[in-house]
Amino acid sequence: MNAHRASQRVAVSILAAATFLCLAIVAFVIGFVLEKGLPQLSWEFLFTKPRDMGKAGGILPAIVGTLALSLMAIAVALPLGVGTAVYLAEYTRETRVTKVIRFGTDCLAGIPSIIFGLFGYIFFVTTLKMGWSLIAGALTLAIMVLPTLIRTSEEAIRSVPQSWREVSMSLGATRWETVRKVVLPNALPGIVTGVMLSFGRSIGETAAVIFTAGSSFRLPKSAFDSARTLAVHFYILAREGISTDKAYGTAAVLVIAVLAVNGLTYALMGGFMKRKAR
Amino acid sequence: MTPKVEVRDLRVFFGGEEALRGVSLDIAANRILGVIGPAGSAKTTFLRALDRMNELKAGCRTAGRVLVDGEDVYGPACDPVALRKRVGMVFAMPVPLPLSIYENVVYGPRLNGVRNKAELDGLVEECLRAAFLWDEVKDRLGGSGLKLSGGQQQRLCLARTLAMRPELILLDEPCSGLDPISTARIEEALSLLKERHTIVLVTNNTKQAARASDETAFFLMGELVEMGPTGRIFTNPSDKRTEDYVTGRFG
Ligand SMILES: Nc1ncnc2c1ncn2[C@@H]1O[C@H](COP(=O)(O)OP(=O)(O)OP(=O)(O)O)[C@@H](O)[C@H]1O
Ligand SMILES: [Mg+2]
């Protein structure tokens with residue numbers, strides 16, 4: 001009896017300690033970056049171009065490049081990913097083919113991003129002659145986030161109760177009308193989560209981007225211009241020892257952006273849940 | 001008078017298993033056919049075969065013929081989507097769609113392209129009244145259908161089916177889990193509805209079949225044992241098994 005209680009207490013303590021350790025590590029990393037980086041932030045830093053290779057000036061082109069690249073990547077990946085998920089979940093029965101497709105997407109999700117970078121360089125930049133450009137980078141990122149997007153969307157779609165589909169069809173809806181009117185609206189929270197996760201991953205990506213979008217720190221004027229993202233900017237500043245201060249400043253902006261994206265996701269989810277519970 | 005529905009040697013297989021074993025019967029227009037039988041006797045399977053809902057399940061195969069107004073619904077010319085617009089179904093478990101009460105009722109009409117607000121409003125009131133739900137929900141038509149009680153949800157599902165103006169209405173144990181008052185309301189609604197519709201009422205409650213139906217069919221283990229006017233089935237059945245079941249001596 002007492003032994004049971006003691007082992008119970010030990011187990012709970014270990015689990016609590018593990019949880020606390022995780023939180024502490026996250027807090028430490030974020031705190032460290034913000035502590036070093038926040039003092040660097042100023043309007044000038046955020047809204048002017050870098051000067052002297054990045055030793056001075058700001059990071060405006062990197063902010064623009066990051067946003068443009070990530071948004072373009074999502075714009076490409078979203079219809080492809082959701083379309084694939086709808087097809088897999090609604091229009092195919094579970095067969096060997098769908099298992100192979102799912103296995104394939106899972107494998108794709110496990111590939112290190114630098115491999116995508118290499119592929120993007122060979123295929124988009126060189127073979128398709130896009131050069132280092134936003135478009136080549138965005139397409140590469142789109143391929144990289146596609147598995148996550150397909151998987152989260154498919155799960156969201158499958159979590160919509162089967163009985164709702166049956167009712168819709170029994171009322172004379174086609175399968176496509178059922179997907180449009182019942183399935184997608186109710187899978188939306190899950191799909192949005194997938195999009196936000198993908199967006200966050202795109203914002204922070206370095207390896208896949210540096211080979212495909214290049215690292216020009218001029219402000220990109222079109223999709224065919226090379227651009228530098230925050231992550232790449234940070235990498236170059238730190239790696240080449242250009243400016244530790246500016247590197248931390250960039251890192252702080254990056255961390256805040258990722259936190260903001262995640263925070264927004266949670267806020268949106270909360271809103272969805274409330275609307276559903278109404 | 002030709003029957004509304006003619007069923008001929010209807011068989012339904014799930015995988016290799018034959019769930020419905022060659023049923024033949026006629027359903028007269030503007031009548032209520034009660035379908036009774038113990039659990040697992042394929043009442044639901046029979047009902048769903050009439051509007052081709054079984055085929056939405058994997059591994060299901062149907063053989064035989066179902067003629068609605070003389071047209072074979074399993075024939076190559078029949079579009080199941082068009083068929084389901086003519087044949088309404090209310091499931092055993094009430095399943096409101098995650099929409100407002102109003103939008104639940106107009107789901108079918110909207111699919112048919114009805115856009116006129118006044119027409120939709122009129123339809124909502126008419127169908128909710130026919131399902132004896134109007135007075136309880138008329139002040140909260142914009143509220144979620146999921147927030148209604150079980151009995152109210154079932155009547156909402158009935159109203160939603162009525163809004164399609166189906167010729168044939170299939171009801172699968174619409175009163176299971178309902179209190180006597182809600183049950184009485186639904187039965188009252190059905191007795192009025194048969195003036196314009198043909199109704200098939202599957203029920204686990206033999207008393208309900210005795211009260212509400214004009215004819216009764218008794219199913220057992222996937223087969224039709226006996227069918228006839230409700231009065232005769234309950235007072236003078238020709239099959240011993242039917243007698244055992246309706247007198248509650250079954251098993
Ligand atoms: N999707 C399915 N897959 C496999 N077998 C099924 C499926 N649906 C029904 N069956 C089988 O068909 C037979 C008849 O089932 P059905 O649901 O039609 O019975 P029922 O008379 O409606 O029973 P209840 O009164 O419990 O609702 C059962 O033996 C059941 O196991
Ligand atoms: Mg049943």
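**Exercise 1. How many helices and strands are there in chain A?**

Solution. The model is predicted; local features need pLDDT of at least 70, side-chain atom pairs count only at pLDDT 80 or more, and totals for chains, interfaces and linings use all residues. Residues are numbered from 1 along each chain as its sequence is written, chains are lettered from A and ligands numbered from 1 in the order in which they are written, and side-chain values use heavy atoms, with hydrogens and water left out.

Step 1. Take helices as DSSP runs of H or I with at least four residues and strands as runs of E with at least two, numbered from the N terminus.
Step 2. Chain A then has 11 helices and 2 strands.
Step 3. Their order along the sequence is α-α-β-β-α-α-α-α-α-α-α-α-α.
Step 4. The C-alpha trace of chain A spans about 65 × 65 × 35 Å along its principal axes.

**Exercise 2. Describe the contact of chain A and chain B.**

Solution. 
Step 1. With contact meaning heavy atoms within 4.5 Å, 20 residues of chain A and 25 residues of chain B take part.
Step 2. Buried area is the accessible area (1.4 Å probe) that two parts lose on being put together, summed over both. For chain A and chain B the value is about 2,000 Å², with 62% of it on carbon and sulfur atoms.
Step 3. On the chain A side, A:Glu166, A:Ser170 and A:Leu171 lose the most area to chain B, together 31% of what that side buries.
Step 4. A salt bridge is a side-chain nitrogen of Lys or Arg within 4 Å of a carboxyl oxygen of Asp or Glu. The interface has 1 salt bridge; B:Arg48 pairs with A:Glu166, and their closest N and O atoms are 2.9 Å apart.
Step 5. Helix 7 and helix 8 (175–204) of chain A each give two or more residues to the side that touches chain B. Helix 7 of chain A has the largest share, 7 residues.

**Exercise 3. Which residues line the largest cavity?**

Solution. 
Step 1. On a 1 Å grid over the protein atoms alone, a cavity is a set of points where a 1.4 Å probe fits but cannot get out, and lining residues have an atom within 4 Å of a point. Grid points are joined across faces, edges and corners, and a volume is the space filled by probe spheres set on the points.
Step 2. The search of the whole structure finds 2 cavities of 30 Å³ or more, and the largest has a volume of about 50 Å³.
Step 3. From chain A, the lining of the largest cavity takes A:Val167, A:Ser170 and A:Leu171. From chain B come B:Met89, B:Val90, B:Phe91, B:Met93, B:Val95, B:Gln154, B:Cys157, B:Arg160 and B:Thr161.
Step 4. Helix 7 of chain B gives the most to this lining, with 4 residues.
Step 5. By class, the lining has 8 nonpolar, 3 polar and 1 charged residues.

Definitions and conventions
On a 1 Å grid over the protein atoms alone, a cavity is a set of points where a 1.4 Å probe fits but cannot get out, and a pocket is an open set with protein on both sides within 12 Å along at least five of seven lines; lining residues have an atom within 4 Å of a point. Ala, Val, Leu, Ile, Met, Phe, Trp, Tyr, Cys and Pro count as nonpolar, Asp, Glu, Lys and Arg as charged, and the others, Gly among them, as polar.
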